[in-house]
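The sequence and the structure come first, and a description follows.

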Amino acid sequence: MTDSMPPGQMAALQPPPPPQPNWALFLDIDGTLLDIADTPDRVQVPARLLDDLQAAEKKLSGALALVSGRPISEIDKLFDPLKLAASGQHGSEWRPVPGAATQSVSEAPLPAGLHEAAAKLGNLHPGIVVERKTHALAVHYRNAPDFGAEIGGRLAAAMAGFDGLMLLHGKAVWEIKDAQQSKGTAVNLFMRQPAFADRVAVFIGDDRTDEDGFHAVEEHGGLAIPVGQLALKRGRAQGKPIVAFATPTQVRKWLSDFAMRDGAAA
């Protein structure tokens, strides 16, 4: 499943430049590297993508990280056997270098009361999917679109007694996360690591939660590359066509071209 874009709108996007050896590349997963599925556990990971990610990471001398709302444990299952540098749960945990142990960034786990409130939302409709995580949670309603507003309202009410949390609305999903952590804070952590420091930061993402990563790389003088409908939103805000991808398929092709290109290593 993809969030399609009309051909006329796709034509207005400017193709991104090929990756450069001095980049620090940050990649969202769902909707960016992978096509969005009916439920998070049904996404498909093309076998070729594993090889391309591994090759791209090598050509960037280790300066490649996956930055996702998923826990790193789930990221590792998706991309097994790869264990790339990664940030999970919207910046609440990270792995600074490939193969290292996952480290918690947030000080405390999400309150149990919020998990309980979210679990009850699954009773509204069989198409509602609740993802429980240690420092975040997500309620997906792609298969129950009429319940989006009600889910958001109930989660906001459940959060009223807790401080330091943020409610985000993405593509057919509501998410609660640590207000102090984001994909932007994850980028800033990585940019202080030896493999990423003094490089051009580039973030590719497709949803509202990726905009924090966009702002972070732009503050570092780097490049934000949106995917799909988010590209149109940013283009309207800037009043001009922007560098972007129309679909995850284009992102994968771009990454594969880089992985196969001779002479890309630093």
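## A loop residue and its surroundings

Leaving aside neighbours within four places in sequence, Ala172 is in contact with Val139, His140, Tyr141 and Arg142. The structure is a predicted model. Ala172 belongs to the loop that links strand 8 (165-170) with strand 9 (173-178). From Asp76, Ala172 is separated by 96 residues in sequence and by 24 Å in space, C-alpha to C-alpha.

In strand 7 (residues 136-140), 5 of the 5 residues are buried, so strand 7 is largely enclosed by the rest of the structure. Ala136, Ala138 and His140 point one way from strand 7, whereas Leu137 and Val139 point the other way.

Strand 7 pairs with strand 6 (residues 129-132) in the antiparallel sense through 4 bridges, and Arg132 stands opposite Leu137. Strand 6 and strand 7 make a hairpin with 3 residues between them. Strand 7 is also joined to strand 9 by 5 bridges, again antiparallel, and here Ala138 stands opposite Glu175.

## The chain as a whole

The protein chain comprises 9 helices and 11 strands. Its radius of gyration is 18 Å, close to the 18 Å that the globule rule gives for 266 residues, so the chain is as compact as a globular protein of that length. Along the principal axes, the C-alpha atoms fill a box of roughly 55 × 45 × 35 Å. Of the 266 residues, 52% count as buried. Among contacts between residues at least 6 apart in sequence, 59% join residues at least 24 apart. The chain exposes about 11,700 Å², of which carbon and sulfur atoms supply 53%. There are 26 positive and 31 negative side chains, and the centres of the two sets lie 3 Å apart.

An open sheet of 7 strands has the order 5-4-3-2-1-10-11, and its pairing is mixed. Strand 5 (103-104) and strand 11 stand at the edges with a single partner strand each, so one side of each is left without a neighbour in the sheet. The table lists pairings within this sheet.

| Strands | Sense | Bridges |
|---|---|---|
| Strand 1 (residues 23-27) and strand 10 | parallel | 5 bridges |
| Strand 10 and strand 11 (residues 223-226) | parallel | 4 bridges |
| Strand 3 (residues 85-88) and strand 4 (residues 93-95) | antiparallel | 3 bridges |

Individual residue pairs can be named for these pairings. Trp23 has Val200 in strand 10 as its bridge partner, Gly205 stands opposite Pro226 in strand 11, and Ala86 stands opposite Arg95 in strand 4. In strand 10 (residues 200-205), 5 of the 6 residues are buried, so strand 10 is largely enclosed by the rest of the structure.

Which residues of helix 7 (residues 211-219) are buried? They are Glu211, Gly213, Phe214, Ala216 and Val217. Their cover includes strand 1, strand 10 and strand 11, together with helix 6 (183-190) and helix 8 (229-238). Just after helix 7, Gly221 takes a positive phi of about 80°.

Conventions
Residues are numbered from 1 along each chain as its sequence is written. This is a predicted model: local features need pLDDT of at least 70, side-chain atom pairs count only at pLDDT 80 or more; totals for chains, interfaces and linings use all residues. Side-chain values use heavy atoms; hydrogens and water are left out. Helices (H or I, at least four residues) and strands (E, at least two) are DSSP runs, numbered from the N terminus. The radius of gyration is taken over C-alpha atoms; the globule rule is 2.2 Å times the number of residues to the power 0.38. Buried means under 20% relative accessible area, exposed over 50%, partly exposed in between (1.4 Å probe, protein chains only). Contact means heavy atoms within 4.5 Å. Accessible areas come from the Shrake-Rupley method with a 1.4 Å probe; for residues, only the protein chains shown count as cover. Lys and Arg count as positive and Asp and Glu as negative; His and the chain ends are not counted. The place of a charge is taken as NZ of Lys, CZ of Arg, CG of Asp or CD of Glu. Two strands pair if DSSP finds at least two bridges between them.
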